[in-house]
Amino acid sequence: MLRSAPAPRAAAAAKAAAGPVESAPVFSALDQWTSLNATSAGQSVRHARGDTEGLAALVNTLPRSATAPGAELAAPIEARLELYRGAALLAVLEIAGDQVRWMPQGTAAGVSIGMPPAQALAELKALLARQ
């Protein structure tokens with residue numbers, strides 16, 4: 001037996017009754033950043049996107065795992081990467097143990113947490129330690 005779709009008004013009412021929907025993380029900053037400020041162990045270093053081989057690829061990979069809004073980090077923050085386009089702060093990526101926290105700026109999307117691929121995370125940590 002075929003069922004008809006609910007009327008638009010009924011569908012809208014059902015959606016509203018379900019409560020607010022968490023917005024998905026916004027990763028557009030990953031295509032737009034031109035430089036970053038990396039802070040770890042009390043040291044801050046500014047990098048242009050193409051300064052260090054592999055840096056952009058790693059920075060663009062890790063945040064995409066941060067898909068759990070409202071979650072908490074299980075470890076202290078080891079490193080903070082602020083992504084800029086010119087002087088405008090686009091997003092912040094924090095590394096804490098085997099997790100990352102993604103914080104896009106100027107968007108409706110909120111903070112999200114995730115566990116990136118272990119190898120990529122280890123490579124970025126090693127790269128930041130050499131700076």
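1. How many nonpolar, polar and charged residues are in the lining of the largest pocket? Sorted by class, there are seven nonpolar, three polar and two charged ones. Keep in mind as you look around that this is a predicted model.

2. Now for the pocket itself. Its volume comes to about 190 Å³. If you want to find the largest pocket on screen, pick out its lining residues: A38, S40, A41, Q43, V45, E78, A79, I95, K125, L128, A129 and Q131. Helix α4 provides the largest share, with three residues.

3. Next, the rings. Searching the whole structure turns up one aromatic pair. Also have a look at R46, which sits over the face of Y84, 4.2 Å from the ring centre.

4. A word on confidence. The chain has an average pLDDT of 82, and 80% of its residues score at least 70. Among the elements, strand β4 (residues 79-85) has the highest mean pLDDT, 96, while helix α1 (residues 8-17) has the lowest, 41. Across residues 1-23 the pLDDT is below 50, and that stretch makes five contacts in the model beyond near neighbours in sequence.

Methods. Residues are numbered from 1 along each chain as its sequence is written. This is a predicted model: local features need pLDDT of at least 70, side-chain atom pairs count only at pLDDT 80 or more; totals for chains, interfaces and linings use all residues. Side-chain values use heavy atoms; hydrogens and water are left out. On a 1 Å grid over the protein atoms alone, a cavity is a set of points where a 1.4 Å probe fits but cannot get out, and a pocket is an open set with protein on both sides within 12 Å along at least five of seven lines; lining residues have an atom within 4 Å of a point. Grid points are joined across faces, edges and corners, and a volume is the space filled by probe spheres set on the points. Helices (H or I, at least four residues) and strands (E, at least two) are DSSP runs, numbered from the N terminus. Ala, Val, Leu, Ile, Met, Phe, Trp, Tyr, Cys and Pro count as nonpolar, Asp, Glu, Lys and Arg as charged, and the others, Gly among them, as polar. Rings of Phe, Tyr and Trp (its six-membered ring) pair if their centres lie within 6.5 Å; planes under 30 degrees apart count as stacked, over 60 as edge-to-face and the rest as tilted. A charge sits over a ring if NZ of Lys or CZ of Arg is within 6 Å of the ring centre and within 35 degrees of the ring normal. pLDDT is the predictor's confidence in each residue, from 0 to 100. Contact means heavy atoms within 4.5 Å.
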